[in-house]
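Trainee: I keep meeting labels for residues and pairs. Can we test them against their definitions?

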Amino acid sequence: MTALAKTIAANLHAARIGAGLAQRAVADRVGASCAAVSNWERATGEISAANLLAVSDALGVPLLWLLGREGGGDDDAAYRAGWDDCDAVVTRALKDARAEP
């Protein structure tokens, strides 16, 4: 399990609890199974970029916050520029995470 997977899992869980939603509600909103949401929150299942975007929207949190990358700099600028730029940030973050030892 990578550091990015752990960050996404922790942030997804915190956002879901903060929104007062059950895993089933998140699953319904993003078109995934309850098991998938559970796996994402435990960092035992890989979340696709499309599902990550859907979760971000469903929970009302910034995508980069879910990735643990929000807080200034180029990543925030990409987020505000639109989803196309953000997709590049997500792809880069996922590639970086796979390169971790």
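Predicted model: local features only at pLDDT ≥ 70, side-chain atom pairs only at ≥ 80, totals over all residues.

Trainee: Why is the pair R16 and E41 called a salt bridge?

Mentor: The closest N and O atoms of R16 and E41 are 2.4 Å apart. The cut-off is within 4 Å, so the pair counts. R16 sits in helix α1 and E41 in helix α3, 25 residues apart, so the pair links distant parts of the chain.

Trainee: How many salt bridges does the structure hold?

Mentor: Two. D28 and R24 form one of them, at 3.6 Å from N to O.

Trainee: Where do D28 and R24 lie?

Mentor: Both are in helix α2, four residues apart, about one turn of the helix. In an α-helix, residues three or four places apart point the same way, because there are 3.6 residues a turn.

Trainee: Why is D28 called exposed?

Mentor: D28 has 53% relative accessibility. Exposed means over 50%, so D28 qualifies.

Trainee: And why is R24 called partly exposed?

Mentor: R24 has 46% relative accessibility. That lies between 20% and 50%, so R24 is partly exposed.

Trainee: Which residues of helix α4 are buried?

Mentor: L52, V55, S56, A58 and L59. Their cover includes α1, α2, α3 and α5.

Terms used
Residues numbered from 1 in each chain as written. Heavy atoms only, no water. Buried < 20%, exposed > 50% of the residue type's maximum accessible area, 1.4 Å probe, protein only. Helix = DSSP H or I, 4+ residues; strand = E, 2+ residues; numbered from the N terminus. Contact = heavy atoms within 4.5 Å. Salt bridge = Lys/Arg side-chain N within 4 Å of Asp/Glu carboxyl O.
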